[in-house]
Amino acid sequence: MKKRQKRRLCATLASVILAISGMAALPTGATGVEAAENYVYEIKEASAYSLPAGSYKINLNVNGRRVLDGKVFNYGGVTYVPMFKFADWLGVFDYSSSVSAGRRTSYIDGENLEITATENNLYIRANGRYFFTGGKVLEIGNELYVPILPMVKALNSHVAWSNTDNAFNVRSGDTRRLKNADQTYASDAVYWLARIIYAEAGGESMQGKIAVGNVVLNRVRSKQFPNTIYGVIFDKKYGVQFAPTANGMIYKTPNADSVIAAKICLEGYSISSEALYFFNPKYTSGTWVKQNRDYLFTIGNHVFYN
């Protein structure tokens, strides 16, 4: 029996039991199978669910209807939604979850749509594409909570913020039509961007890797540099720009996180649209950069300038 059929059967049985017993009422404003299904969710999670310390609740409207009251919250400047229940409201019902090495991974399997999220990761995967989350994926009450913005993108839907309602307003799209990785990323772009990220920042955090990728793409968009990823990496107009092109590290096979960081950059996520230079003070003084460019920020072992 399919997951969706099991859940519908469970909900139907629950509604029959509630009707017979008269001991509990359906959630306010809900009727039929949908209400019983929500009631089952509440019974299962009431004792386990609690918001992270320092978080606060956010309202959510999907297609004009207020949903998931008390289940949507902002934590550390990022708004989270329960992964499976949010997918339900956007019309995707088949999903599963597993735990490995103490970390939960959840899967959504819709028509022409596969979404994966793993606890503590800073991204979700959808049809082979990678969307940066801005905050770690959280586990609460044996369910994953994911940031709303990349989840909306993964579900090929639309979102807008309303200050008046203190709410995110989501309009569902066609979840079957999210482009896959092959339709989104040029193979040579991933190839070279992942290699320069690995060569320069293989040991850095995901944010550190993304920042290095941003520098390359910012240069591609700047009139001061070549207009291709390959051209920027191997640019020698004013001398070697990236040491790995001289010492051969650029040809090393990148690790998985470097490939993911490259794809996140190619999705358009940017820590800085201004950063054009970076260096590691442990290995170089960066004299010219410090004298001619403005300092922006430091991530890990790298300092970044505009």
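Analyst: One term to start with: a contact means heavy atoms within 4.5 Å. This is a predicted model. Among contacts between residues at least 6 apart in sequence, 55% join residues at least 24 apart.

User: OK. How many helices and strands are in the protein chain?
Analyst: The chain has 11 helices and 17 strands.

User: What percentage of the residues count as buried?
Analyst: 47% of the 306 residues. The accessible surface is about 15700 Å². Carbon and sulfur atoms account for 49% of that surface.

User: How many residues are in the largest nonpolar core?
Analyst: That core has 42 residues. L193, M206, I229 and F304 have the most contacts inside it. Several elements supply at least two residues each, including α6, α10 (256-266) and β17 (302-305).

User: Which element gives the most to this core?
Analyst: α7 does, with eight residues.

User: New topic. Where is E204?
Analyst: E204 is in the loop between α6 (187-201) and α7 (206-221).

User: Is E204 buried or exposed?
Analyst: Buried. Its relative accessibility is 12%, so E204 falls under the 20% cut-off.

User: What does the side chain of E204 make a polar contact with?
Analyst: The side chain of N301, at 2.9 Å. E204 also touches K209, I299, G300 and H302. E204 and I299 are 95 residues apart along the chain, yet their C-alpha atoms are separated by 8.4 Å.

User: Now T133. Where is that one?
Analyst: T133 is in the loop between β10 (129-132) and β11 (138-140). T133 is buried because its relative accessible area is 6%, under 20%.

User: What lies 2.6 Å from a polar atom of the T133 side chain?
Analyst: The backbone oxygen of G135.

User: Which residues is T133 in contact with, leaving aside neighbours within four places?
Analyst: V78, N121, L122, Y123, I124, P147 and P150.

Note on methods:
Residues numbered from 1 in each chain as written. Predicted model: local features only at pLDDT ≥ 70, side-chain atom pairs only at ≥ 80, totals over all residues. Heavy atoms only, no water. Helix = DSSP H or I, 4+ residues; strand = E, 2+ residues; numbered from the N terminus. Buried < 20%, exposed > 50% of the residue type's maximum accessible area, 1.4 Å probe, protein only. Areas by Shrake-Rupley, 256 points an atom, 1.4 Å probe, with all protein chains shown as cover. Polar contact = N/O pair within 3.5 Å; in protein donor to acceptor, adjacent residues only side chain to side chain. Core = buried A, V, L, I, M, F, W, Y, C linked by side-chain atoms within 4.5 Å.
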